[in-house]
Amino acid sequence: MYRVTFESGVTGLVDDDTRWHLVNQARTRKWEVTPVRRGWVITLPSGSLVAVLRESHVSALT
């Protein structure tokens with residue numbers, strides 16, 4: 001799973017297919033995609049940042 005966090009504070013979990021689609025769309029649209037540890041930071045045309053980071057651990061419901 002990957003955590004997507006927008007600069008505004010909105011966050012959510014996405015699966016690998018959704019992560020691939022998001023990063024691929026950013027590259028296709030020629031948005032800046034910067035690799036960082038455990039993921040990427042995408043700079044949107046507005047200048048806002050979106051972090052797409054692999055979750056270090058997603059615990060199961062207990």
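**Note on the predicted model**

1. Start with a contact. The side chains of T18 and D15 are joined by a polar contact of 2.8 Å. T18 sits in helix α1. T18 is partly exposed, at 40% relative accessibility.

2. Five strands form an open sheet in the order β2-β1-β5-β4-β3, and the pairing is antiparallel. β2 and β3 are at the edges; each has a single partner strand, so one side of each lacks a neighbour in the sheet. From one strand to the next, the twist averages 20 degrees. As background, strands of a sheet pair through backbone hydrogen bonds, either parallel or antiparallel.

3. Pairing of β1 with β2. Four bridges join β1 to β2 (residues 11-14), and the two strands run antiparallel. V4 stands opposite G12 in β2. The hairpin of β1 and β2 has four residues between the strands, and G9 there takes a positive phi near 105 degrees.

4. Pairing of β1 with β5. Here five bridges are found, again with the strands antiparallel. T5 stands opposite A51 in β5. F6 stands opposite V50 in β5.

5. The helix on the sheet. α1 lies across β1, β2, β3, β4 and β5. The helix runs at about 40 degrees to β4.

6. The core. Which residues make up the largest nonpolar core? There are ten: Y2, V4, V14, V23, A26, V33, W40, I42, V50 and V52. β1, α1, β4 and β5 are the elements that give two or more residues to this core. In soluble globular proteins, nonpolar side chains tend to be buried together.

7. W40 in detail. W40 belongs to that core. Beyond its neighbours within four places in sequence, W40 is in contact with Y2, R19, V23, R27, V33, T34, P35, V50, A51, V52 and L53.

8. Salt bridges. How many does a search of the whole structure find? Two. Side chains of opposite charge can pair when their charged atoms come close. One of the pairs is D16 with R19, at 2.8 Å from N to O. Both residues lie in helix α1, three residues apart, about one turn of the helix. R19 counts as buried because its relative accessibility is 12%, and the cut-off for buried is under 20%.

9. The other salt bridge. R3 pairs with E55, and the closest N and O atoms are 3.2 Å apart. This pair links distant parts of the chain: R3 is in strand β1 (residues 2-6), E55 is in the segment after β5 (49-54), and they are 52 residues apart. R3 counts as partly exposed, at 30% relative accessibility.

10. Backbone points to check. Most residues other than glycine have a negative phi, and most peptide bonds are trans. K30 is not a glycine, yet has a positive phi of about 65 degrees. K30 lies in the loop between α1 (16-28) and β3 (32-36). K30 is exposed, with a relative accessible area of 75%. R38 also has a positive phi, near 70 degrees, and is a residue other than glycine. R38 is found in the loop between β3 and β4 (39-43). Its relative accessible area is 45%, so R38 is partly exposed.

Notes
Residues are numbered from 1 along each chain as its sequence is written. This is a predicted model: local features need pLDDT of at least 70, side-chain atom pairs count only at pLDDT 80 or more; totals for chains, interfaces and linings use all residues. Side-chain values use heavy atoms; hydrogens and water are left out. Buried means under 20% relative accessible area, exposed over 50%, partly exposed in between (1.4 Å probe, protein chains only). A salt bridge is a side-chain nitrogen of Lys or Arg within 4 Å of a carboxyl oxygen of Asp or Glu. A polar contact is a pair of N or O atoms within 3.5 Å; within protein, one must be able to donate a hydrogen and the other to accept it, and residues adjacent in sequence count only if both atoms are side-chain atoms. Two strands pair if DSSP finds at least two bridges between them. Axes are lines fitted to C-alpha atoms, for helices over the stretch in contact, and angles run from 0 to 180 degrees between N-to-C directions. Contact means heavy atoms within 4.5 Å. A nonpolar core is a set of buried Ala, Val, Leu, Ile, Met, Phe, Trp, Tyr and Cys residues joined through side-chain atoms within 4.5 Å.
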